[in-house]
Amino acid sequence: MDTKPYLEPRESTDKVDIYHVEDGQLSDSSAEYDAIEETEPGKRVWWICMTASVGGFLFGYDTGVISAVLVSLGTALGGKALTSGEQELITSITSGGAFIGALVAGLTGDKMGRKFAIYLGCVVFVLGAIIQAAAYSLVQMTIGRLIVGFGVGSAAMIIPLYIGELAPARYRGRLIVFDNLFVAGGQFIAYALGAGFTEIPQGWRYMVGLGALPAIVLAAVLPLCPESPRHLVSHRKVDEAKKVLHQIFPQATPEMVDNKIKLIQASLEISTGILSDRSIWWQLKQLFCVPANARALFTACAVMAISQLGGFNTLMYYSSTLFALVGFNKPVAVSLVVGGTNFLFGFACFFTLDRFGRRIILLITVMGMALSLTIAAIAFHWIPVSRDLVLEAQGINWAGVLLLVTIIFYVGFFAAGVAPVAWVGTELLPHEVRALGTMINTLTCWGCNIIIASTFLSMMKSMTPSGAFGFYAGICGTGWVFIFFCYPEVHGMPLELVREVYTHGFGVKHAKKMQKGLKATRNGRVVRV
């Protein structure tokens, strides 16, 4: 029996060619094709994903190091202390560079391969780190921060996509979390080095210069990692794809590997003849004008926006400044608590994401973020801070201690939930638009990041600290409502089946039916969903 899905072109008044899979047909074939997913993956796939996740360390280190740099610069750039606006500039310009870097990686990710974009990110990151370390003016520092951003954006966009395409379905979320753990680890290491170098003259130069090391390490070990099998099949390199699948599933039989290749090809047939010789503009129309694709993209980008606009990066970029503001004598050292919490609670997500699913974790943790930020906003009411963000008291009072505690809770909820799940969102996108959709998701990340980094100090002055933190709490609360009504549970589904979810609106209810059907199929029963 021919189990390949029937592909039917639909007419569209806006002249966008739309292809779809007849509902349920891809699901029906999945039991035969995906027997390979029931075999135990090899250790090599874990090492490959851990190696690629060093790119997440680049993202995390740069995010964390600027916090200590801001309180260590003094008059090193141009012989004068930086104003709040200048601090926001050198902080946010990296996010602007990352926006551009993610755009370039997205445009080259399908044509040149996932690994090419990672290599490119490593090269420009090293260059940017060197320029920063040698900077003696605001202009030089800004250029170095911008170039580093190009590398960070490239790595942050392509690595979750690369891992998601390599990972076995049942471990996909956990393996993508590797990347987020490395992000958190990079932030923690940056805080630790910042605490050590703060008291050393010109110590900030060592901090930014050391950021080149993980990029060099990643470029050195990346040749040991294969290209993703889905990318290889899409470029007709079937034999290479089979070798990669054998590495991922060493216990799989040749027949299982052949069937997995057929499933990937069946999924790709939806876009066979579509993407060849088509422009980026045409692909963008496929992404935005095909309703199912647009809903998947909106869901992924909405969760990413919640993760960025919910206020976490204000702590990453300005934690030392913030803790100095409320009266702590060693603000950089106190920031270590934030970095450590972020790193440790990332492991909580690692062990729960593929067991309990994305949706329930998001609902619990985003609500926790909203409540923590609300308490922080109330605590700021009892901290005497002037409109110019100057503490009008000596030392720290009980409200400052409460603020630190609530921030720790907030960071814990963030790290255990929306932080990694925002990057897992690449799994929601169909293959033919996955690289482009991942690029837009990453652009959402950096676009929101620019807004946060360039407005936090200004918001603190204009809205008061209580108002700013209350604003972030409102964003988290609104995000929780969206997740409740619009975020479907797709954990454990092969990527080739996830596309069917969004053919039924946002697919929250249909995804539940599909999960039941997949579970029944694995138990030897076939259930139509």
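This is a predicted model: local features need pLDDT of at least 70, side-chain atom pairs count only at pLDDT 80 or more; totals for chains, interfaces and linings use all residues.
Residues are numbered from 1 along each chain as its sequence is written, and side-chain values use heavy atoms, with hydrogens and water left out.

**Overview. The whole protein chain.** Let's start with the chain as a whole, which has 22 helices and two strands. Helices (H or I, at least four residues) and strands (E, at least two) are DSSP runs, numbered from the N terminus. Of the 529 residues, 60% are buried; buried means under 20% relative accessible area, exposed over 50%, and partly exposed in between (1.4 Å probe, protein chains only). The accessible surface comes to about 20,200 Å², and carbon and sulfur atoms hold 65% of it. Accessible areas come from the Shrake-Rupley method with a 1.4 Å probe; for residues, only the protein chains shown count as cover.

**View 1. Gly149 in helix H6.** Look for Gly149 in helix H6, which runs over residues 138-166. Gly149 counts as buried because its relative accessible area is 0%. Leaving out residues up to four places away in sequence, Gly149 touches Thr94, Gly97 and Ala98; contact means heavy atoms within 4.5 Å. Ile93 is 56 residues from Gly149 along the chain, yet their C-alpha atoms are separated by 7.5 Å.

**View 2. Leu363 in helix H17.** Here you can find Leu363 in helix H17 (residues 358-380). Leu363 counts as buried because its relative accessibility is 13%. Apart from neighbours within four places in sequence, Leu363 is in contact with Trp480, Ile483 and Phe484. Gly417 is 54 residues away in sequence, and its C-alpha is 8.6 Å from that of Leu363.

**View 3. A nonpolar patch on the surface.** Phe99, Ile100, Val104, Met112, Phe116 and Leu120 make up this patch, with about 480 Å² of accessible area together. Patches are made of residues with over 30% relative accessible area and no salt bridge, joining like charges within 9 Å and nonpolar side chains (Val, Leu, Ile, Met, Phe, Trp, Tyr) within 5 Å. A salt bridge is a side-chain nitrogen of Lys or Arg within 4 Å of a carboxyl oxygen of Asp or Glu. Helix H4 (84-112) and helix H5 (114-133) each supply at least two residues, and H4 gives the most, with four. Met112, in helix H4, is partly exposed because its relative accessible area is 49%.

**View 4. A positive surface patch.** Finally, meet Lys509, Lys512, Lys513 and Lys516, which form a positive patch. Lys and Arg count as positive and Asp and Glu as negative, with His and the chain ends not counted; the place of a charge is NZ of Lys, CZ of Arg, CG of Asp or CD of Glu. Lys512 is found in helix H22, residues 508-522.
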